[in-house]
Amino acid sequence: LDMSTQRPPETSTVNLPAQPWARPWQDVLDELGVTTRQGLSTAEVEQRRERYGRNVLQAAKRESAWSILVDQFRSLIVLLLARTALNLQFRVVYPFLPAIGRGLGVPLETASLLLTARAVVSVASPLFGALADRLGRRALMLAGLVALVLAALIMTLGSGPGPLGFGLALVAFALFGFSKSSFDPAMQAYVGDAVPYARRGR
């Protein structure tokens, strides 16, 4: 319905001051025939409501915490810092694997199974690339970072000497593998989408 074609009833004497927000308030009061003590009559209020509607501002749509968090991935600097954190957890393990084995109370040969668990999960990286196309790049990148945080918490708080500690460490390293293998394909696709085709490879 085109509202511009609607006109008020012919009997209406309602007028709206021109640009009242840009004029002195005294001029607006004089044009409306009111004072600071006495406002519009009830009848004129009803007429104005019929013509202009209620003087109510539309509430702005609030962004959820999830959407605000996901929007952070629009920045390439954020992507760079996230990728750096993921690469650090992936590579820093190698020189410290003997110390990790001693902390878990297992020999180095058994501790190397942690790397095996991480590598097995990383084999699914092409699958995560397809999921990024379906679920969205930023959503999968965020899932990878959440997995990274969970894995770090498990290694810090849960792992220790004994079968249970080693089992939790295996779960943590599997999450480490998921974090990088889910983040990297989504991140590369996102950056590829953001860079014009003519500028790629330069």
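Glu31 and Arg23 are joined by a salt bridge in which the closest N and O atoms are 2.9 Å apart, a salt bridge being a side-chain nitrogen of Lys or Arg within 4 Å of a carboxyl oxygen of Asp or Glu. The structure is a predicted model, in which local features need pLDDT of at least 70 and side-chain atom pairs count only at pLDDT 80 or more, while totals for chains, interfaces and linings use all residues. Residues are numbered from 1 along each chain as its sequence is written, and side-chain values use heavy atoms, with hydrogens and water left out.

The secondary structure of the protein chain comes to nine helices and zero strands, where helices (H or I, at least four residues) and strands (E, at least two) are DSSP runs numbered from the N terminus.

By the salt-bridge criterion the count comes to five. In the pair described at the outset, Glu31 is partly exposed, with a relative accessible area of 47%, and Arg23 is partly exposed at 28%. Glu46 forms a salt bridge with Arg49, with the closest N and O atoms 3.7 Å apart; these two residues are three residues apart in helix H2 (residues 42-52), and thus separated by about one helical turn. Glu46 is partly exposed at 39% relative accessibility, as is Arg49 at 36%. The side chains of Lys180 and Asp184 meet in a salt bridge of 2.8 Å, N to O, and both residues are buried. Lys180 and Asp184 lie four residues apart in helix H9, about one helical turn, and together with Arg83 they are linked in a network of salt bridges.

Lys180 also lies over the face of Phe90, at 5.8 Å from the ring centre, and the charged end of Arg118 sits over the ring of Phe90, 3.9 Å from its centre. A charge is taken to sit over a ring if NZ of Lys or CZ of Arg is within 6 Å of the ring centre and within 35 degrees of the ring normal.

Aromatic pairs were assigned to rings of Phe, Tyr and Trp (its six-membered ring) with centres within 6.5 Å, planes under 30 degrees apart counting as stacked, over 60 as edge-to-face and the rest as tilted; the count comes to two aromatic pairs. The rings of Phe128 and Phe178 have their centres 5.0 Å apart and their planes at 85 degrees, so this pair is edge-to-face. The pair links distant parts of the chain, with Phe128 in helix H7 (residues 125-135) and Phe178 in helix H9 (residues 163-194), 50 residues apart. Phe128 is buried at 9% relative accessibility, whereas Phe178 is partly exposed at 22%. The rings of Phe173 and Phe176, with centres 5.5 Å apart and planes at 85 degrees, likewise form an edge-to-face pair. Both residues lie in helix H9, three residues apart, and Phe173 is buried at 2% relative accessibility, as is Phe176 at 9%.

Helix H8 (residues 137-158) contains Leu153, which is partly exposed, with a relative accessible area of 46%. Buried residues in H8 include Leu140, Leu148 and Ala151.

Note on methods: Buried < 20%, exposed > 50% of the residue type's maximum accessible area, 1.4 Å probe, protein only.
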